[in-house]
Amino acid sequence: MRVNANRKVHQMKRDPFKTLVKIVAALLVFVLVGIGVFYLCSKAVENDFIQKRNATVQKNEEDEIAFNAKMNEMRASSSNFFDDGTSEETAQELQYWENTIGDSQWRVEDEGKGAPENTSTIVASRSELMLGGLMLVNAWHPLPAEFSDEALVPVGSTSGYKVPVNDNSVKLFRPAYDALFAALEEAGGLGLQNYLVQEGYRSNERQMELFNDKMAELQDKYSGDILMEQTKKRVNEPGTSEYQTGFSFNLRLYPNPDSIDFVESEQGKWLVDNGWKYGIIFRFPTRDFPNASWEDKSHKTGVSVELNLFRYVGEAHAATMRTLGYCLEEYIEFLMEHPHVSVYENGALKYEIYRIPMTAEPSFSLPVPNPARNYQASFDNMGGIVMAYSY
């Protein structure tokens with residue numbers, strides 16, 4: 001400061017640039033300290049997460065080994081039963097079926113007639129069970145009278161049109177939609193694009209329209225009972241079409257090359273080979289269709305024409321059907337004969353399936369094993385309820 005002649009004291013003005021530099025330096029130091037503290041905290045959190053994750057993984061592996069050992073022990077203890085004639089305990093020979101799919105060894109083991117153990121109970125109505133995914137509809141097993149299509153969802157708008165559709169009338173029940181969406185997401189990640197859902201659910205009115213149109217087309221060649229039979233070979237009678245389940249869908253490519261069928265494309269081959277992982281099966285294998293490695297099932301399905309038709313049944317059922325090499329008709333017949341089976345992938349229990357005879361009750365109390373991760377309850381339209389448990 002300075003003193004003038006009048007003895008007044010004057011404060012010298014501060015340099016604003018130096019002041020700004022000091023402020024910026026202080027802020028910089030503060031930011032650097034903050035970054036350092038954040039980095040140290042984040043590393044501490046990361047290290048803690050890694051330790052907990054590793055401990056959880058190890059615990060899960062130990063629990064899985066213990067669980068599989070327990071299940072093996074339970075199976076071994078249940079492999080004996082009392083013979084009705086002698087009341088003496090004798091060994092029961094239970095069947096098993098094995099198949100190698102990709103890199104995995106799959107095994108289906110018959111668990112006999114006994115029910116799952118250590119269960120809790122859930123209650124499901126008839127209408128809920130019809131949405132379980134395993135309902136069989138064909139020429140011999142028509143759609144149940146109480147069937148409702150109220151729970152259908154439009155595939156296009158529900159997916160935000162991530163799943164391309166022919167138009168927004170294409171609808172499916174939610175489990176089928178979720179499985180299709182997941183499968184096409186996986187295919188897209190592999191560079192397989194241009195799937196289009198041509199058709200999903202058909203109402204009874206739409207099926208009647210198609211059936212009558214086909215009959216009118218054929219009436220110049222046939223008449224009477226022969227006309228009816230020839231029409232049924234080409235279009236299912238109303239109430240017996242797979243499209244009416246709400247779990248089936250027809251796919252093609254867009255733009256659709258005329259020179260190649262969907263199942264001959266890379267996109268189609270992938271879905272045929274991998275759809276089972278998402279609970280999706282190829283519904284109507286015929287001779288050399290979808291390819292020569294598939295067995296002709298037209299004698300069981302009643303469908304001998306080539307259809308690019310896929311059907312949701314659920315992951316447990318699709319994996320078991322793939323292991324056994326069965327179509328849906330054969331699979332339900334198999335469960336009628338073997339109502340309790342366990343399914344293993346590379347020696348680890350993956351699924352357990354249990355079929356229960358259905359009664360005329362409006363709702364049902366159904367068992368769920370306590371170790372099960374989740375379950376699927378389905379009406380099979382052949383007199384049974386099929387429970388599928390995932391582990």
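Predicted model: local features only at pLDDT ≥ 70, side-chain atom pairs only at ≥ 80, totals over all residues.
Me: How much space lies in the largest pocket?
Reply: About 490 Å³. A pocket here is an open set of points on a 1 Å grid over the protein atoms alone, where a 1.4 Å probe fits, with protein on both sides within 12 Å along at least five of seven lines. The volume is the space filled by probe spheres set on the points, which are joined across faces, edges and corners.

Me: Which residues lie nearest its centre?
Reply: Lys 232, Arg 234, Val 235, Asn 236 and Val 303, out of 27 lining residues; lining means having an atom within 4 Å of a point. Helix H5 (204-218) and helix H6 (224-234) are the elements that give two or more residues to this lining, and H6 gives the largest share, three residues. Helices (H or I, at least four residues) and strands (E, at least two) are DSSP runs numbered from the N terminus.

Me: And the lining by class?
Reply: It has 11 nonpolar, eight polar and eight charged residues. Ala, Val, Leu, Ile, Met, Phe, Trp, Tyr, Cys and Pro count as nonpolar, Asp, Glu, Lys and Arg as charged, and the others, Gly among them, as polar.

Me: Lys 232 again: which residue does its side chain meet in a salt bridge?
Reply: Glu 237, at 3.4 Å, N to O. A salt bridge is a side-chain nitrogen of Lys or Arg within 4 Å of a carboxyl oxygen of Asp or Glu. Lys 232 is partly exposed, with a relative accessible area of 33%; buried means under 20%, exposed over 50%, and partly exposed in between (1.4 Å probe, protein chains only).

Me: How many salt bridges does the count come to?
Reply: The count is 18. One of them joins Glu 146 and Arg 126 at 3.2 Å, N to O. This pair links distant parts of the chain, 20 residues apart, with Arg 126 in helix H2 (126-129) and Glu 146 in the loop between H2 and strand S8 (153-154). Another joins Arg 206 and Glu 209 at 3.3 Å; these two are three residues apart in H5, so about one helical turn separates them.

Me: Changing topic, where are the cis peptide bonds?
Reply: One joins Tyr 254 and Pro 255, with omega about -15°. Another runs from Phe 289 to Pro 290, with omega near 15°. Pro 290 is in the loop between strand S12 (280-282) and helix H8 (298-301). That loop also holds Asp 288, which has a positive phi of about 60° although it is not a glycine.

Me: Is H10 largely enclosed or open?
Reply: Helix H10 (residues 328-337) is largely enclosed by the rest of the structure, because seven of its 10 residues are buried. Among them are Tyr 331, Ile 332 and Phe 334.

Me: Which residues make the nonpolar surface patch?
Reply: Leu 28, Phe 30, Val 31, Leu 32 and Ile 35 make a patch of about 520 Å². Leu 28 lies in helix H1 (residues 16-78). Patch residues have over 30% relative accessible area and no salt bridge, with nonpolar side chains (Val, Leu, Ile, Met, Phe, Trp, Tyr) joined within 5 Å and like charges within 9 Å. Accessible areas come from the Shrake-Rupley method with a 1.4 Å probe.

Note on methods:
Residues numbered from 1 in each chain as written. Heavy atoms only, no water.
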